[in-house]
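Q: I'd like to learn how to read aromatic contacts in a protein model. Can you walk me through it with an example?

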Amino acid sequence: MRLPTLVLALTCLAGAASAEDLTGTLQKIKETKKITLGYQEASVPFSYLDGNQKPVGFAMDICLKIVDAVKKQLAMPDIAVDYVAVTSSNRIPLMVNGTLDLHCSATTNNADRQKQVAFTNTHFLSATRFAAKKAAKINTIDDLKGKAVTAVAGSVNLNQLAKVNTERNLGIKIMPAVDQAEAFLLLETDRAQAYALDDVQLAVAIARSKEPALFMISEETFAKAEPFGIMLRREDAPFKALADRATAELYASPEIEVLYKRWLESPTPPNGINYNVPMSPALRNAFKNPSSSADPDVYVVK
């Protein structure tokens with residue numbers, strides 16, 4: 001066998017071996033020639049539907065960077081991207097049963113969820129704060145003493161509000177709301193003087209309101225900021241390593257600033273609303289030191 005033919009044969013054998021060595025999600029993608037991204041239809045501005053009913057958002061753009069890395073690693077530039085709409089209640093089951101390959105939204109990475117799924121490097125940090133009308137001059141949690149404060153029933157936000165109320169003996173009248181729409185209506189109509197929720201969701205609610213200039217968001221938080229991450233299957237080390245590598249490279253590049261400004265500090269589709277959420281020092285630090293830890297202490301800027 002001539003040398004060029006031998007080299008070609010060995011190259012083909014190496015390629016076949018590497019394909020056979022694939023496992024988990026990468027093997028599934030190679031066999032099906034597609035990757036499936038889960039998104040949520042109203043998780044603004046992380047994943048939602050634009051005016052053309054296309055899934056867009058900050059987390060969607062990050063997922064597409066992971067898709068690019070998959071195409072490069074598998075040497076398959078024509079991998080199809082399928083999109084599946086999910087809800088808060090079915091996103092984890094659909095990841096576990098293999099329907100989704102990545103979930104691209106604002107999913108909190110915590111210890112309980114890590115028993116079922118995995119996360120790649122943190123792309124956002126969100127803490128419970130309160131919104132109030134500027135005219136009320138309520139600036140700190142202690143200023144809530146004796147006031148009526150709403151939060152969504154069954155939410156982490158309500159639990160954190162109740163905990164602080166007890167610990168500080170504030171005598172807050174807690175008003176559980178059925179959902180975010182009702183909670184904001186209580187604040188808007190002065191039946192509640194404040195509304196406790198994740199800070200980024202408060203910013204979105206205020207930006208969408210009839211008179212955004214009437215409201216403020218507290219600087220003080222009810223608890224440490226918790227990480228959001230792109231979700232993937234557990235016990236799939238090769239795919240997680242690829243996703244971690246792709247996100248770490250993105251977060252180390254100037255492009256992360258561009259993406260962040262596009263979705264959180266600029267007019268966004270379809271209605272041109274700017275949510276005005278500047279990048280926090282803690283998130284900037286998380287981008288410089290990528291981590292998929294669920295421990296909020298990891299993201300505290302010392």
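A: Rings of Phe, Tyr and Trp (its six-membered ring) pair if their centres lie within 6.5 Å. Here, Phe46, Phe58, Phe124, Phe228 and Tyr260 form one aromatic cluster. Keep in mind that this is a predicted model.

Q: How many aromatic pairs turn up in the whole structure?
A: A search of the whole structure gives 9 aromatic pairs.

Q: And what describes a pair of aromatic rings?
A: You look at the distance of the centres and the angle of the planes. Take tyrosine 48 and tryptophan 263: their ring centres are 6.3 Å apart and the planes sit at 85°, so the pair is edge-to-face, since planes over 60 degrees apart count that way.

Q: Which parts does the pair of tyrosine 48 and tryptophan 263 tie together?
A: Tyrosine 48 belongs to strand β3 (residues 47-49) and tryptophan 263 to helix α9 (residues 255-264), so the pair ties together parts 215 residues apart in sequence.

Q: Is tyrosine 48 buried or exposed?
A: Buried means under 20% relative accessible area. Tyrosine 48 has 4%, so it's buried, and tryptophan 263 counts as buried too, at 6%.

Q: What about the rings of phenylalanine 58 and tyrosine 260?
A: Their centres are 5.8 Å apart with planes at 85°, so that pair is edge-to-face. Phenylalanine 58 is in helix α3 (residues 58-74) and tyrosine 260 in helix α9, 202 residues apart, so to speak a link between distant parts of the chain. Phenylalanine 58 is buried at 0% relative accessible area, and tyrosine 260 is buried at 1%.

Notes: Residues numbered from 1 in each chain as written. Predicted model: local features only at pLDDT ≥ 70, side-chain atom pairs only at ≥ 80, totals over all residues. Heavy atoms only, no water. Phe/Tyr/Trp six-rings, centres within 6.5 Å; stacked < 30°, edge-to-face > 60°. Helix = DSSP H or I, 4+ residues; strand = E, 2+ residues; numbered from the N terminus. Buried < 20%, exposed > 50% of the residue type's maximum accessible area, 1.4 Å probe, protein only.
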